[in-house]
Amino acid sequence: MSLNIFVNFTTNDLDRAKAFYEALGYTINPMFTDENAACVVLSDDIYFMVQTREFYATFTDKEIIDPRTQAGASVALSQDSREEVDAIIAKGLEAGGREPRPAQDYGFMYSRDLEDPDGNNLSYLYMAPAAVEKGPEAYLAEQGAAQA
């Protein structure tokens, strides 16, 4: 059995959240979606469970933060190119998301953050395959040597 990842988010408006994630190109699994939560399918192994704050509260005794003003978690999702990072951010902005800070370009990795309409943070990134294989320092050293 493969490992599945379920990331749980809160929302103040479940219909708006479903529309936002569908605009990013993800699908909603109706078998695990009702008036309390929506199962957003990112891949065969990765899912977002977007839940109303009231329903989310049934799973914890801790205070539930407001993701618009407090950081709880940031989910990073890799893309196959810088262009794919830019494209999904554009879709998210068009669907009501917000880009909380400028793009970050580290030479070996390019990333952009996107907040959904509830303030939950998604980071989309592209990392050069050689940097993944060799590590950032070795990759950047090779790039510097190649430019010299």
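1. Contact here means heavy atoms within 4.5 Å. The structure is a predicted model, and in it the buried residues of helix α1 pack against β1 (5-11), β3 (37-41), β4 (46-52), α3 (82-94), β7 (109-115) and β8 (121-127).

2. Which residues of α1 are buried? In this helix, which covers residues 14-23, they are Leu 14, Ala 17, Phe 20 and Tyr 21; these four lie on the same side of α1, because they cover an arc of only 120° around the axis.

3. At the N-terminal end, α1 is capped by Asp 13, with a side-chain oxygen of Asp 13 lying 3.3 Å from the backbone nitrogen of Asp 15. Just after α1, Gly 25 takes a positive phi of about 105°.

4. Gln 51 belongs to strand β4, and with a relative accessible area of 4% Gln 51 counts as buried, because the cut-off is under 20%. The side chain of Gln 51 makes a polar contact of 2.7 Å with the side chain of Asn 8. Beyond neighbours within four places in sequence, Gln 51 is in contact with residues including Phe 9, Thr 10, Asn 36, Tyr 56 and Phe 59, while the C-alpha atoms of Gln 51 and Ala 38, 13 residues apart along the chain, are separated by 6.5 Å.

5. A search of the whole structure finds 1 cavity of 30 Å³ or more, and the largest cavity holds about 30 Å³ of space. Its lining consists of Thr 10, Thr 11, Asn 12, Arg 53, Asp 66, Pro 67 and Asp 118, which by class gives 1 nonpolar, 3 polar and 3 charged residues.

Technical notes:
Residues are numbered from 1 along each chain as its sequence is written. This is a predicted model: local features need pLDDT of at least 70, side-chain atom pairs count only at pLDDT 80 or more; totals for chains, interfaces and linings use all residues. Side-chain values use heavy atoms; hydrogens and water are left out. Buried means under 20% relative accessible area, exposed over 50%, partly exposed in between (1.4 Å probe, protein chains only). Helices (H or I, at least four residues) and strands (E, at least two) are DSSP runs, numbered from the N terminus. The arc is that of the directions from the helix axis to the C-beta atoms. A polar contact is a pair of N or O atoms within 3.5 Å; within protein, one must be able to donate a hydrogen and the other to accept it, and residues adjacent in sequence count only if both atoms are side-chain atoms. On a 1 Å grid over the protein atoms alone, a cavity is a set of points where a 1.4 Å probe fits but cannot get out, and a pocket is an open set with protein on both sides within 12 Å along at least five of seven lines; lining residues have an atom within 4 Å of a point. Grid points are joined across faces, edges and corners, and a volume is the space filled by probe spheres set on the points. Ala, Val, Leu, Ile, Met, Phe, Trp, Tyr, Cys and Pro count as nonpolar, Asp, Glu, Lys and Arg as charged, and the others, Gly among them, as polar.
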